[in-house]
Amino acid sequence: MADIRGSYDGLFTAVPTALAAQLDGGDLGGSVAVFVDGEPVVDVWGGFADAAREVPWQRDTIANVWSVTKTMTALCALVLADRDELELDAPVARYWPEFAAAGKEAVLVRHLLSHTAGLPDWDGPVAEIYDWPAATARLAAQAPQWEPGTAAGYHSLTQGFLVGEVVRRITGRSPGEFFADEIAGPLGADFHMGLPAGHDHRVAPTVPPPSRDEDYVAGSAAGDTARAAPASATAPTAIRLRDGNSVAWRRAQIPAASGFGNARSIALVQSAMACGGSVRGVRLLSRAGCDRAWEEQFSGEDRVLGMPISWGLGYGRFGGTYGWGGWGGSTVMIEPEGRTVVAYVTNQMREPAKDTRGLDILMAAYDGLKGLQADV
């Protein structure tokens, strides 16, 4: 069995066992954390941080978690809404006047958070996503693909720029700076949007699925699910794995897809949502502010993902839980009733249609939670 390091409560032995099984099955490396009431009952890691299997995954190893980053950007917006600095029912153009171009006057802030704004595709060059003014100017000039609020289509790459620019217009700080100052910093969470060079030695680069190389792409822009673009739309720009492993990607703020962290840091941050807005004595927002994330904004077939989904404000809703996953397998799930967060981070991609690792980790964690609840 793979060597799993870290600590865990005896009720949760299924979690490190599940991670070991994935590593024994060929995965490279990863970390898992389960937080209850803002404290870890599981904090484990194992495997390797490099494709050559020469560098062991360490306690402070971090990786690109792709679309799990969206949950961090959503939290920034929810914090501002809770402070009455952001009105979710306001037109985006109230904060970002240039955005009103091309028929977007009626796009509301909540439409950005719920993937219903009609701007799902990044159609510019890859190089432009590293240039914040250019990226946001491109999106401000675009026309929506549908009447905003009437349909959903996963904004895989664009959501971060859209929500992030609203954050920037209100605060005068980039979303990565706001997140660092107002969320990660106060919590002591090792999660970054716009990674400083001093952390490069800790990064576990993403490795493609077996038989793939670094030109591997998934169907949608930041890579979650394949789909066909509408006949009237330009095909979205493909983001390759090599783009995500580049230094330019690490340094840029791409708040839908370029967050770097580990399971511990993700679980710590999102414990604020699981615990009514306060974790470890730090209050980020009110309970009512947390509950906003849970409010259903759309339920039905997502035009991009091609499957039924319920969207909240920045999070997908799944029964009694909410959260999201990223290209490559990293996952976070929040259960407010149990004040629990489960997070999984990996540097090993699998083909999306065959990837059940996040679900396997969640199921293992719920085994432990049942035992924990029985002891109460």
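Trainee: Which residues form one aromatic cluster?

Mentor: This is a predicted model, and in it Trp66, Tyr216, Trp249 and Trp327 make up one aromatic cluster. By the rule for ring pairs, the count comes to 13 aromatic pairs.

Trainee: Why is the pair of Trp96 and Phe99 called tilted?

Mentor: The ring centres of Trp96 and Phe99 are 5.0 Å apart, and a pair needs centres within 6.5 Å. Their planes stand at 40°. Stacked requires under 30 degrees and edge-to-face over 60, so the pair of Trp96 and Phe99 is tilted.

Trainee: How do you know whether Trp96 and Phe99 are buried or exposed?

Mentor: The limit for buried is under 20% relative accessible area. Trp96 has 1% and Phe99 has 0%, so Trp96 counts as buried and Phe99 is buried.

Trainee: What makes Tyr315 and Tyr322 an edge-to-face pair?

Mentor: The angle between the planes of Tyr315 and Tyr322 is 90°, and edge-to-face begins over 60. Centre to centre, Tyr315 and Tyr322 are 5.0 Å apart. Both tyrosines, Tyr315 and Tyr322, are buried.

Trainee: Which ring does the charged end of Arg138 sit over, and which ring has the charged end of Arg317 over it?

Mentor: For Arg138 it is the ring of Trp122, with 5.8 Å to the ring centre. For Arg317 it is the ring of Trp294, at 4.8 Å from the centre. The distance limit is 6 Å, and both arginines sit over their rings.

Trainee: How many disulfides does the structure hold?

Mentor: It holds zero. The nearest cysteine sulfur to Cys76 is that of Cys290, 14 Å away. For Cys275 the nearest is again that of Cys290, at 8.7 Å.

Trainee: What relative accessible area do Cys76 and Cys275 have?

Mentor: Cys76 has 1% and Cys275 has 5%. With the limit at under 20%, Cys76 is buried and Cys275 is buried.

Trainee: Why is helix α9 described as largely enclosed by the rest of the structure?

Mentor: Of the 12 residues of α9, 12 are buried, so the helix is largely enclosed. Among them are Arg264, Gln270 and Met273.

Trainee: What span does α9 reach, and what is expected?

Mentor: Helix α9 covers residues 263–274 and reaches 15 Å from its first C-alpha to its last, close to the 16 Å expected at 1.5 Å a residue. Gly276 follows α9 and has a positive phi, near 70°.

Trainee: What is the strand order in the open sheet of three strands, and which strands stand at the edges?

Mentor: The order is β4-β6-β5, with antiparallel pairing. The edge strands are β4 (63–64) and β5 (192–193): each has a single partner strand, so one side of each is left without a neighbour in the sheet.

Trainee: What makes β4 and β6 a pair?

Mentor: Two strands pair with at least two bridges, and β4 and β6 (residues 259–261) have two bridges, in the antiparallel sense. Ala63 has Gly261 of β6 as its bridge partner.

Trainee: Where does Thr61 lie, and why is it called buried?

Mentor: Thr61 is in the loop between β3 (39–47) and β4. Its relative accessible area is 4%, against a limit of under 20%, so Thr61 is buried. A polar atom of the Thr61 side chain lies 2.8 Å from the backbone nitrogen of Gln58.

How values were computed: Residues are numbered from 1 along each chain as its sequence is written. This is a predicted model: local features need pLDDT of at least 70, side-chain atom pairs count only at pLDDT 80 or more; totals for chains, interfaces and linings use all residues. Side-chain values use heavy atoms; hydrogens and water are left out. A disulfide is a pair of cysteine sulfur atoms within 2.5 Å. Buried means under 20% relative accessible area, exposed over 50%, partly exposed in between (1.4 Å probe, protein chains only). Rings of Phe, Tyr and Trp (its six-membered ring) pair if their centres lie within 6.5 Å; planes under 30 degrees apart count as stacked, over 60 as edge-to-face and the rest as tilted. A charge sits over a ring if NZ of Lys or CZ of Arg is within 6 Å of the ring centre and within 35 degrees of the ring normal. Helices (H or I, at least four residues) and strands (E, at least two) are DSSP runs, numbered from the N terminus. The expected span of a helix is 1.5 Å times one less than its number of residues. A polar contact is a pair of N or O atoms within 3.5 Å; within protein, one must be able to donate a hydrogen and the other to accept it, and residues adjacent in sequence count only if both atoms are side-chain atoms.
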